[in-house]
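Me: I am new to this structure and would be grateful for a close look at a single part of it. Please describe the metal site and then its surroundings in one connected account.

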Amino acid sequence: MEETKEQKNRLEIICSTMHITPSGEICKTMKGLIKEAESFIEEAEDDEIMDAGLIAGAQRVEHYEISGYGTAVRYAKELGHRDIAKKLQVTLDEEYDAGNKLDELAEGRLNRKAIDQA
Ligand SMILES: [Fe+2]
């Protein structure tokens with residue numbers, strides 16, 4: 001949560017630097033990913049399967065964020081906004097870290113337990 005607040009803060013600084021007013025528009029894809037995870041929770045037959053599904057859902061979210069921030073970093077570099085690219089890169093690195101932690105969880109005992117119980 002703290003990391004997300006800092007990421008939001010970075011975006012606000014970037015918008016301010018570029019004289020952009022954020023619209024507050026809700027991302028339809030992210031909303032869909034969250035809805036998909038919620039549906040999985042409702043259908044999961046036990047806690048282990050639910051945990052495996054939640055990890056998979058969170059991995060999708062992180063990969064989507066990595067895609068978005070990766071593109072934003074590249075655009076900032078191409079447009080010559082080096083300081084903004086650096087700020088976005090910090091967030092991109094955090095998203096990679098989060099994705100890697102989820103990968104470790106997925107490859108660990110939770111998925112194996114879900115297979116054992118299926
Ligand atoms: Fe994230």
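Reply: A helix is here a DSSP run of H or I with at least four residues, and helices are numbered from the N terminus. In this sense Lys8 and Glu12 both belong to helix α1, where four residues, about one turn of the helix, separate them. The model is a predicted one.

The metal site comes first. The iron ion has as its protein donors Glu62 (OE), Glu62 (OE), Glu65 (OE) and Glu95 (OE), at 2.0 to 2.7 Å from it. Along the chain these donors follow the spacing E-x2-E-x29-E. Glu62 and Glu65 are both part of helix α3, residues 47-78, and stand three residues apart, about one turn of the helix. Glu62 is buried, because its relative accessible area of 14% is under the limit of 20%. Glu65, at 21% relative accessibility, counts as partly exposed.

The arrangement of the four donor atoms is irregular, because the angles they subtend around the iron ion run from 51 to 121 degrees. A tetrahedral arrangement would require all angles to lie between 85 and 135 degrees. In general, the ideal angle for four tetrahedral donors is 109.5 degrees.

At least two residues each come from α1 (2-17), α2 (28-43), α3 and α4 (82-107). In total 36 residues line the pocket, and Gln7, Leu11, Glu25, Cys27 and Tyr69 lie nearest its centre. The lining divides into 21 nonpolar, six polar and nine charged residues.

Salt bridges complete the picture; the count is five. One of them joins Lys8 to Glu12, with the closest N and O atoms 2.9 Å apart. Lys8 is exposed at 53% relative accessibility, whereas Glu12 is partly exposed at 39%. Another joins the side chains of Glu94 and Arg10, at 3.1 Å from N to O. This pair links distant parts of the chain, since Glu94 lies in helix α4 and Arg10 in helix α1, 84 residues apart. Glu94 is buried, with a relative accessible area of 15%, and Arg10 is buried as well, with 10%.

Within helix α3, Arg74 and Glu78 stand four residues apart, about one turn of the helix. Their side chains meet in a salt bridge of 3.6 Å, N to O. Arg74 is partly exposed at 42%, while Glu78 is exposed at 56%.

Technical notes:
Residues are numbered from 1 along each chain as its sequence is written. This is a predicted model: local features need pLDDT of at least 70, side-chain atom pairs count only at pLDDT 80 or more; totals for chains, interfaces and linings use all residues. Side-chain values use heavy atoms; hydrogens and water are left out. Donors are N, O and S atoms within 2.8 Å of the metal (3.2 Å for Na, K and Ca); water is not among the atoms, so sites may look incomplete. Four donors count as tetrahedral if all angles lie between 85 and 135 degrees; four count as square planar and six as octahedral if opposite donors are over 155 degrees apart and all others between 65 and 115; anything else is irregular. Buried means under 20% relative accessible area, exposed over 50%, partly exposed in between (1.4 Å probe, protein chains only). On a 1 Å grid over the protein atoms alone, a cavity is a set of points where a 1.4 Å probe fits but cannot get out, and a pocket is an open set with protein on both sides within 12 Å along at least five of seven lines; lining residues have an atom within 4 Å of a point. Ala, Val, Leu, Ile, Met, Phe, Trp, Tyr, Cys and Pro count as nonpolar, Asp, Glu, Lys and Arg as charged, and the others, Gly among them, as polar. A salt bridge is a side-chain nitrogen of Lys or Arg within 4 Å of a carboxyl oxygen of Asp or Glu.
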